[in-house]
Amino acid sequence: DYKLETFQVDITPNRARQYIQEGKILNTFINPNNKQWDEHAIPIRIPIRLGLISYRLLLVNKAKLPLFKDVKTFEQLSQLTAGLQSSWVTTEIYNELEMNLVKSHTFEGLFLMLNKQRFDYLPRAIYEAFDELNVRKENIENVVIEPNIALYLPMVTYIYVSKTEPRLAKRLKSGLEKLLVSGELKTILDKYYEEDIKQADLKNRTIIEIPNPNFTDQSVLKENLYWYKNYL
């Protein structure tokens, strides 16, 4: 038997990590893999989105579309400025690579800033970009998805479990392994993300690779079952 409860509050990953460490308000949290989370929680090392977070589309202001016309390399992309939320794992990576960025303390602030041309692009996972733009289109009428570029930033999303709940971690790992091997995990992803993946049309985009110096679990790259790209 189990009981599933959700914590309905706007929360930053850093605050969530604090709650997970305490194990009182939260005992599980879904987050991109990074060193801090690995140290302070139990990672279930099965990428629950099969690495889809690695592929990013660029939300840009229509007025800045010409800036991206000839961008085809990491070096060229680095000349432009990204907008990122302060507490994101992606922000840590951009900082470490010394890429240009503007930070926002709030998620909604990023879209409003982009609408006013405060930075050049907002990278969002291929399963996020279309929905996020659609639900805000009345308030950010100047923002579109750049049509020719996608980023590949190797990253995985794990379920993290409080160290106060080792039995829960064991059960989640066992269940996810079964879903992965049976193919049900991909079936679930297709149910929610297949249309976004088709719209992203990665095969007809220039893919710019961004190194991830904080990718702590290189072993997952060797597991074919773990990566959605093997089904594309």
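**Briefing: cavity, core and salt bridges**

Asn 31 is buried, at a relative accessible area of 5% (buried means under 20%, exposed over 50% and partly exposed in between, with a 1.4 Å probe and protein chains only). This is a predicted model, in which local features need pLDDT of at least 70 and side-chain atom pairs count only at pLDDT 80 or more, while totals for chains, interfaces and linings use all residues. Residues are numbered from 1 along each chain as its sequence is written, and side-chain values use heavy atoms, with hydrogens and water left out.

- Asn 31 belongs to strand E1 (residues 28-32); strands (E, at least two residues) and helices (H or I, at least four) are DSSP runs numbered from the N terminus.
- Beyond its neighbours within four places in sequence, Asn 31 is in contact (heavy atoms within 4.5 Å) with Pro 13, Trp 37, Val 89, Val 156, Thr 157, Tyr 158 and Tyr 160.
- The count is one cavity of 30 Å³ or more, where a cavity is a set of points on a 1 Å grid over the protein atoms alone at which a 1.4 Å probe fits but cannot get out, and lining residues have an atom within 4 Å of a point.
- The largest cavity holds about 40 Å³ of space, a volume being the space filled by probe spheres set on the grid points, which are joined across faces, edges and corners.
- Its lining includes Asn 31, Pro 13, Trp 37 and Val 89.
- Helix H1 gives the most to this lining, with three residues.

**Nonpolar core**

- The largest nonpolar core has 72 residues, among which Tyr 121 and Leu 151 touch the most other members; such a core is a set of buried Ala, Val, Leu, Ile, Met, Phe, Trp, Tyr and Cys residues joined through side-chain atoms within 4.5 Å.
- Strand E7 (residues 143-152) supplies the largest share of this core, six residues.
- Residues touched by Leu 151, not counting those up to four places away in sequence, include Tyr 121, Leu 58, Ile 208 and Ile 210.

**Salt bridges**

- There are nine salt bridges, each a side-chain nitrogen of Lys or Arg within 4 Å of a carboxyl oxygen of Asp or Glu.
- Lys 64 pairs with Asp 120, with the closest N and O atoms 2.8 Å apart; the two residues lie 56 residues apart and link distant parts of the chain.
- Lys 64 is buried at 16% relative accessible area, and Asp 120 is buried at 9%.
- Asp 190 and Lys 186 form a salt bridge with a closest N and O separation of 2.6 Å; because they are four residues apart in helix H8 (residues 184-200), about one helical turn separates Asp 190 and Lys 186.

Notes:
1 Å grid on protein atoms, 1.4 Å probe; cavity = no way out; pocket = protein on both sides within 12 Å on 5 of 7 lines; lining within 4 Å.
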